Amino acid sequence: MILHKTRGEKVFDLFNGILLIILALLCILPFIHILALSFSSSAAATSGKVAFWPVDLSLNSYQYAFQNPAFLRAFGVTLVRVILGLAIDMAITIFAAYPLSKSNGQMPGRTIFAWIFVVTMFIGGGMIPTYMVVTMTGLRNTIWALILPSAVKPFNITVLLNFFRQTPKELEESALIDGASQMRILMRIYLPLALPALATLFIFDTVFHWNEWFSGLIYMDMKANYPLQTYLQGVIIEPDFTLLDINEIELMSKISSKTFQSAQIMIATVPILIVYPFFQKYFVKGLTLGSLKG
Amino acid sequence: MKTNAKRSFGLLLVAMMLLGGCAGGNNNSSSETSADTGNTSSSASQTAEQTPEERQTGAYDEPVTVRVAIPTNAALTFPDGDSYSENVWTRSLLEDRNIDVEVVWEAESGEQYDTKLNLAISSNDLPDILNLSSYSQFKKLNDAGKIQELTQYYEDYASDYIKTNISWDPQVLDWGTIDGKLMGIPQEGVNYQQVRMIWIREDWLEETGLPEPETIEDVINIAKAFRDADPENRLGLAFGKTVLGDGFCDMTGIANAMGAYPRVWLEDDDGSLIYGTIQPEFKEVLAVYADLYANGYIDQAFASLDGNAVAEQLTSNKIGVIIGNSWIAGWPLSTLYDTDQVNWLLYPVLPSENLDGPVKVQTLDPSGKMVAVREGYEHPELLFKWLNYSTAMTAEPETAQPRKFHSTATDAEEQFDFQMENPLYVYWNDPMLNFNSQPHVTAAIDNDDTSYLTTPHDESQYASTKRYFDKIEAGEPITGADWSAWRSWYGDDSAFGIMNGYFANDNYLVSKLAGYQTDTMVRQWGNLQTLEEQYIVEIISGIRPVDDFDEFVETWMAMGGEQIIQEVNEWYSSK
């Protein structure tokens, strides 16, 4: 079928296309700029000669980044955090969402429990009380301080809960008649059917743990325990010139090497970029299926 | 089922409370025991028995633990296996003084450190020695009764060397004194090194054929000529968003040349203190900058440029005139030397044609960084023992071991700044150390005689300056670092030469308030500075006419300025 567009529609399409291209460029150009910087020589970068293509191609900064123990250690901390955090967050999300997706008849007190979760999305204890709880429970300076305080994610639970509710009740009823336990019903029927939603939450959670830096700063006393983004934040932030003495200025000129910073940013971004395409197909579908129809 | 769920929820709550309570209790008791084991002998009885010498440089009988937090510098490199918590300083302090340094936490200096410190303050978990990054933090802790008085400990335990250097500038101890009690020690005195001088690109000046400048108007004309020669690629003056005070792209230099002293508290003819930014002289400076902006001689986007962005303009050959501090030789000018071998000529701040009397150049106010001791810590004197040790090992001629404690280069590749590894990075060294090195290095090179060098500091600056001359002789390429050493230390027209000239001609102007802040300042100063910057940026960029300066002064007064002027004068007259 051929659609005949009016002149107005064609003009609209043209402008729409141009606008979207500009928006896309706004997002991608800074990224390309940093990529180009990371592959350029230090001198070319500091004199502002690099735009979107490397000048004096050089791999020095990547070599330096991979030899930098602080960077590698932070990378390791983040990897552990993502793996542990994902496992715990997903387990909690699933086991909280499943019972809450049942009716009040099947799961007494369901509404109250649901509210207990939802309330925390709007009201929090604040930074200092949370900090003191983490300190007094002895979590500070352990990897658990980065994982446990944020392990219950009400938003994710709500998304999954709504998704579970889409699953036809008849499936559960027939499984019950066949003698299946609730655990078995969850594992064999609900989870496989909720794959799109799970993939979406998986991405959300990975990105969250990968990018979150503030809890690393407040709960870790030693920089050796910093996750990657906390480490990067300390390295990249602009120093206050008025407070530097001559020794510090000299040192700064070494580390403020733009190419080195860019290389570290690239290395920190690539893993998350790789994860995206694999889950892309679930990503859009999962969210709409779960929340909109719910 | 319903009751079951309720019961288990209740149990869960109880369990959580117990857990929290137990863990908290354990924590408290463990920190108490560690503090107890730290002090077996009481310090009061020690004072009575010991000679001043023993008090200042003697070791404790038993190891004494001190808990510190460290503002770190990500660029600092350590020898293999070392860190801020374990390095030449912590090992030697334990060995020589029986001081056991325990680093309770570290964070990158600046925002990250302040966040952690504020957390520690709110959760009442302070280190024993407090490294405070602002004067308002110091005042707040004092008002909350969280730090202890140091008057007597300073008297008894600070070494003569340190006392001489601290009281070299009589204001310094005043800043740490609240209600007649010494509550903290400033980390630094007046920054005589943070003062403006004029830097002009040699190659461009030759190209334009203009004579060397004699007044600030000449300098401005040179900047204009540089741009006029290539308006496509060049800007006139270096200028960025930090309009007052970042030391290399602000208005301070030209203001000083015209007799205006923004952000300085100066003595009026009648002996009272007045604030520099709101004086009529500063209005004229604004007019000059508004004119430069309107004619395109400063970047039209200056209000969005931070220091790094201006540095980038410099290194990409866009700027030929800077009125900035001595350290720009090390960065970013040395980078430009590395890529394009650009030499810069140096002049002191030259007076305006309309200025009566000599030029006064204003110094940077001290940062307000303080060190203090937590209330309740049993060994407040330890702070001074530590400060004594730091200067003794790095600066005092008889005891210094610079290779071990100051800095050393293992080979051409790696340089270790041991002095910066010190968990208490505060040195009350001779304030004139850098300034004295310049004539020494110059004489040693001119006469080829190293006997002019008297301190370890002289020697290390001589070595790097000598390299510049050696390379010229050998016809080897000169690096930015060589150039920057030569530009800093050799001759009267070097950076330190010019500053020595400021001393000799009495050009320095130090704010009378410097490191001190009044009560209203602690609350309101940040807002007033923002107001200042906002008006300055808007007037320069033509959004407001220059006459709106009067409106600014009124608003400034109304927003607490008047109150502050009163408080400052009360404080000043009570001294």
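Trainee: How many residues of domain 2 of chain B are in contact with domain 3 of chain B?

Mentor: A contact means two C-beta atoms, placed from the backbone, within 7 Å. By that rule, 12 residues of domain 2 of chain B touch 15 residues of domain 3 of chain B. On the domain 2 side, helix α15 (residues 333–340) of chain B gives the largest share, 5 residues. That side has 7 nonpolar, 4 polar and 1 charged residues. Here Ala, Val, Leu, Ile, Met, Phe, Trp, Tyr, Cys and Pro count as nonpolar, Asp, Glu, Lys and Arg as charged, and the others, Gly among them, as polar.

Trainee: How many helices and strands does chain B have?

Mentor: Both are DSSP runs, numbered from the N terminus: helices are H or I with at least four residues, strands are E with at least two. Chain B has 24 helices and 16 strands.

Trainee: At what angle do helix α13 and helix α23 of chain B cross?

Mentor: Axes are lines fitted to C-alpha atoms, for helices over the stretch in contact, and angles run from 0 to 180 degrees between N-to-C directions. Under 35 degrees is roughly parallel, over 145 roughly antiparallel, 65 to 115 roughly perpendicular, and the rest oblique. The axes of helix α13 (residues 280–294) and helix α23 (residues 519–540) of chain B come within 8 Å and cross at roughly 45°, so α13(B) and α23(B) are oblique to each other. L286(B), Y289(B), A290(B) and Y293(B) in α13(B) meet I536(B), I539(B) and I540(B) in α23(B). The residues of this contact are 7 nonpolar, no polar and no charged.

Trainee: What should I look for in the backbone?

Mentor: Most residues other than glycine have a negative phi, and most peptide bonds are trans. In this model, a cis peptide bond joins W331(B) and P332(B), with omega about 5°. P332(B) lies in the loop between β10 (321–324) and α15 of chain B. N317(B) has a positive phi, near 60°, and sits in the loop between α14 (307–315) and β10 of chain B. D448(B) also has a positive phi, near 50°.

Trainee: Is D448(B) buried or exposed?

Mentor: A residue is buried with 20 or more other C-beta atoms, placed from the backbone, within 10 Å of its own, exposed with 12 or fewer, and partly exposed in between. D448(B) is exposed because it has 8, while N317(B), with 19, is partly exposed.

Trainee: Where in chain B is the pLDDT below 50?

Mentor: pLDDT is the predictor's confidence in each residue, from 0 to 100. Chain B averages 86, and 90% of the residues score at least 70. Over residues 1–45 of chain B, however, the pLDDT is below 50. Where pLDDT is low, the predicted coordinates should not be read in detail.

How values were computed:
Residues are numbered from 1 along each chain as its sequence is written. Chains are lettered from A and ligands numbered from 1 in the order in which they are written. This is a predicted model: local features need pLDDT of at least 70, side-chain atom pairs count only at pLDDT 80 or more; totals for chains, interfaces and linings use all residues.
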